[in-house]
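Me: I'd like to go through this structure with you, piece by piece. Could you show it first?

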Amino acid sequence: MYNQMVSGAKKTELFMGCPYKAGENGFCDGPGTIELAPHNALHTWVGSNLNPEREDLGAFYSAARDPIFYAHHSNIDRLWNVWNELRGRNKPAIEDPEWLDSTFYFHNEKSQLVRIKIRDVLDSSKLRYAYENVENVWLNARPKPSVPPKIARQVLKMRENQNPFLDISNQAVVGLNGKRLDTTIRVKLRRPKTQRSKIEKEQEEEIIVVYGIDIGKDAYVKFDVYVNAVDETMIGPESREFAGTFVNMKRGVRIVLNKGDLVVKRKTIFKVGITELLEDLEADGDETIWVTLVPRGGTGVNTTVDGLRIEYMK
């Protein structure tokens, strides 16, 4: 949770996902940390793999049939409040009027059709409810490197010299040409900026972008992202090398098309904030870093990735 709520969510887009706007050019598919995990992850964990679509909670169409659905989504709403408190409420997380003025229609308790705007429901106190003030133990659980950074750097260098088949690049963008994620992928990325000042880091978050994620069919997919990991098979989110996790949740429904309908297949993008992580790994001054994608549970067999790159997000 520390990655999802703190170090990996320092910018609104990293936490909330990319802006989704009206019109053909406004489409984006880049979920944020809160949606991927714990949201999608818990949906999938609770859903049963004995059912064809991981019903109930594991598929969008059936999730609300599980009573846990309501407690789960209440907690996601609570985490939104926690994240706002962490970043400070003196400035709105999103100021885009197109988002703030987006409207939704539903029937109220009197069966009357009502319309609300997003800006009307951003402050839970105005909705006359509040969450219990409980300790979030993960706030003080900043991960530590699984291997001392100096030793890790030596091991990674030795591995690079001994294995000519690694995906080594001296660029900030590494194209994988739709490489299948049925096994671990390791790439070496060049960082365009090193030794940035504190002010520069506050202004721009360094991020890893996994782009062109193509999920071949409606399926549960999970993969983890590590930076400078010596042995990713022995570590998890408790280690500082862990940068983030991508989780795709099943829809569980078939799209019904009418004659003449056109479906445009789109690919997903995944962004991971790494500024604080690089400091903890003593890699802030390094010109290159190793990035590892680790598919979990054989779920990447129908998934391909176009590439990785490093960017800076304001």
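Me: What do the buried residues of α3 pack against?
Reply: They pack against α1 (2-7), α2 (12-16), α4 (68-87), β7 and β8 (268-273), where contact means heavy atoms within 4.5 Å. Helices (H or I, at least four residues) and strands (E, at least two) are DSSP runs, numbered from the N terminus. This is a predicted model, in which local features need pLDDT of at least 70 and side-chain atom pairs count only at pLDDT 80 or more, while totals for chains, interfaces and linings use all residues. Residues are numbered from 1 along each chain as its sequence is written, and side-chain values use heavy atoms, with hydrogens and water left out.

Me: Why is α3 called largely enclosed?
Reply: Because 10 of its 14 residues are buried, α3 is largely enclosed by the rest of the structure; buried means under 20% relative accessible area, exposed over 50%, and partly exposed in between (1.4 Å probe, protein chains only). Among the buried residues of α3 are Ile34, Leu36 and His39.

Me: Where is the kink in α3 centred?
Reply: The kink, of about 30°, is centred on Asn40, and the bend at a residue is the angle between axes fitted to the seven residues ending there and the seven starting there. Asn40 is also one of the buried residues of α3.

Me: Now the sheet: in what order do the strands of the open sheet come?
Reply: The 4 strands are ordered β4-β9-β6-β7, with antiparallel pairing, and two strands pair if DSSP finds at least two bridges between them. The edge strands are β4 (185-190) and β7 (242-248), each of which pairs on one side only.

Me: And how many bridges join β6 and β7?
Reply: β6 (residues 221-227) and β7 pair over 6 bridges, and Phe223 has Phe246 in β7 as its bridge partner.

Me: Changing topic, which residues does Arg191 form salt bridges with?
Reply: Arg191 forms one with Glu206, with the closest N and O atoms 2.8 Å apart, and another with Asp284, where the closest N and O atoms are 3.6 Å apart. A salt bridge is a side-chain nitrogen of Lys or Arg within 4 Å of a carboxyl oxygen of Asp or Glu.

Me: Is Arg191 buried or exposed?
Reply: Arg191 counts as buried, at 4% relative accessibility, and Asp284 is buried too.
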